[in-house]
Amino acid sequence: MKIRLPLAQKLIPVKQKLIQFKQNLIPLKQNLISIKQNLIPLKQNLIQLKQNSKKPDIAIVGVGGLGSVACKMLARTVDNDFVLFDDDIVNISNLHRQILYTEADIGEKKVDAAVRRIHDINPKLSVTANAVKLTKSNLNKLDARVVLDCADNLKISYLLNRYCVKKKIPLIFATVAGDHGFVKVIDGDACLNCFYKQPREAENSGNIGVLNTAVTLASSIQLEMAMQILKGQPYEKSLISFDIYNLRITKIKVLQRKDCGVCR
Ligand SMILES: [Zn+2]
């Protein structure tokens, strides 16, 4: 015969189990607190690691005519950190269009004179100088959110084009010859190889004189494109061609070549 216990008595073992369960939870909670405390230094290390591995915003390859203007303007903008590449030294023949330098800088490495001048304008700016000529073997030094091609040598431009297309780094190509200039963002569409298939077809400021006003205009367009990319804004994808003497600016739609060996 079954004896019916009052409900209160039936609940006693359930309550005891509940008390036991709560007591078991205490060490678990303590373990959780300990794990959280251990996570704090790990998070701090991660933040430090991210800060140390942060890419510079802009890499400027070549601090001649175009690069000089870019450095002067960047030094006066907000706080974009950038890195410079150039192995050349300042020469008296540079001074008419390489507006970063003065006679006092003649004989000095351009990147060193450039960093000094940038810090004269903005001492807090983070800028790194690399007095090296970029070649196939050291291109892996180049890493930034945006690369400005300010080289006056199309061989370097082609190297940058191939590397940046492969690494998916937006590259802003610019070149000036006489009173003409061209600027093109290369980022997932037609690359330099698509519109200058053979290097010998292209003009090169290394062997043609240039107007300093044309250099300043090309650099301004180039830097504006860089800022739009860094801010995540839509930017002009056409090849921008200008003739500063006749005050003409033309946007030319460039298609990817089906046989391009670089971007296809
Ligand atoms: Zn291409």
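1. Two residues count as in contact here if their C-beta atoms, placed from the backbone, lie within 7 Å. By that rule, Ile-172 touches Val-146, Leu-148, Asp-149, Val-183, Val-185, Gln-222, Met-225 and Ala-226, leaving aside residues up to four places away in sequence.

2. A word on the source: this is a predicted model, where local features need pLDDT of at least 70, side-chain atom pairs count only at pLDDT 80 or more, and totals for chains, interfaces and linings use all residues. Residues are numbered from 1 along each chain as its sequence is written.

3. Now the sheet. Pairing takes at least two DSSP bridges between two strands; S6 (residues 180-186) and S7 (residues 239-243) run antiparallel and are joined by four. His-180 has Asp-243 in S7 as its bridge partner.

4. Next, helix H2 (residues 65-74): eight of its 10 residues are buried, meaning 20 or more other C-beta atoms lie within 10 Å of a residue's own, with C-beta atoms placed from the backbone. Among them are Gly-65, Val-69 and Leu-74. The cover over the buried residues includes strand S1 (58-61), helix H3 (110-121) and helix H6 (212-230).

Terms used
Buried ≥ 20, exposed ≤ 12 C-beta atoms within 10 Å, placed from the backbone. Helix = DSSP H or I, 4+ residues; strand = E, 2+ residues; numbered from the N terminus.
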